[in-house]
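Work through the exercises below with the model open. Try each task before reading its solution.

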Amino acid sequence: MSSALIVFASLTGSTEECADFVAEKLEELGIAVDIMDSTQASASDFQNYDLCIVGSYTYGEGEIPDEMLDFYEDLAQEDLTGKIFGVFGSGDSYYEFYCNAVLLFEEQFKKTGATQGSENVKIELMAEDQDIENLHKFAEELVQNLGK
Ligand SMILES: Cc1cc2nc3c(=O)[nH]c(=O)nc-3n(C[C@H](O)[C@H](O)[C@H](O)COP(=O)(O)O)c2cc1C
């Protein structure tokens, strides 16, 4: 059975809820899923999974949330060759750097040798129906790329 780890940071619950939407679709597709808050996870935890997924809201001026910075920095040191990654997160387009943490994590994952399995998913504040659909599609694409 293939496995997925979703590591997330969420202040007001939106990104956490999105992690649940991704997880429910992955489980439906037969993937064993673990979800961890970024303060409990190490980047090296991804070594034990086939799908490596990060969900992060954006803070400051387009920045990675403080509580996720160590995880973010450590991620670039991991060799995740052969694994599939994907990134999603909530933001607010009121800010100049909308959902920038999602982009920063995509760039960080690219340093690990992992393959991007789906386009990023950006969610404006709380997920609405279209966002849930996008997150489900995201999960489906990640699974389609397993073993390729
Ligand atoms: C101080 C502060 C700074 C923020 N900066 C950004 C930003 O630069 N870009 C962005 O897209 N959203 C920014 N946001 C908005 C949050 O990312 C947004 O509210 C998001 O929905 C929070 O997700 P969560 O519910 O998972 O915590 C900021 C929010 C706060 C409170």
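This is a predicted model: local features need pLDDT of at least 70, side-chain atom pairs count only at pLDDT 80 or more; totals for chains, interfaces and linings use all residues.

Residues are numbered from 1 along each chain as its sequence is written, and side-chain values use heavy atoms, with hydrogens and water left out.

**Exercise 1. Determine the order of the elements in the chain.**

Step 1. Assign helices (DSSP H or I, at least four residues) and strands (E, at least two), numbered from the N terminus. Step 2. Count them: 4 helices and 6 strands. Step 3. Read from the N terminus: β-α-β-β-α-β-α-β-β-α.

**Exercise 2. Compare the radius of gyration of the chain with that of a compact globule.**

Step 1. Take the radius over C-alpha atoms; the globule rule is 2.2 Å times the number of residues to the power 0.38. Step 2. For 148 residues the rule gives a value near 15 Å. Step 3. The chain has 14 Å, which agrees. Step 4.

**Exercise 3. Describe burial and contacts in the chain.**

Step 1. Set the classes: buried is under 20% relative accessible area, exposed over 50%, partly exposed in between (1.4 Å probe, protein chains only). Step 2. Of the 148 residues, 50% count as buried. Step 3. A contact means heavy atoms within 4.5 Å. Step 4. Among contacts between residues at least 6 apart in sequence, 80% join residues at least 24 apart.

**Exercise 4. Check the span of helix 1 and find what covers its buried residues.**

Step 1. Helix 1 covers residues 14-28, 15 residues in total. Step 2. Step 3. Step 4. Its buried residues include Cys 18, Phe 21, Val 22 and Leu 26. Step 5. Their cover includes strand 1 (3-9), strand 4 (84-91) and helix 4 (129-144). Step 6. Gly 30 follows helix 1, with a positive phi near 85°.

**Exercise 5. Is Pro 65 buried or exposed?**

Step 1. Locate Pro 65 in the loop between strand 3 and helix 2 (69-75). Step 2. Pro 65 has a relative accessible area of 0%, so it is buried. Step 3. Leaving out residues up to four places away in sequence, Pro 65 touches Ala 9, Ser 56, Tyr 57, Tyr 59 and Ala 101. Step 4. Pro 65 and Thr 15 lie 50 residues apart in sequence and 12 Å apart in space, C-alpha to C-alpha.

Note on methods
The expected span of a helix is 1.5 Å times one less than its number of residues.
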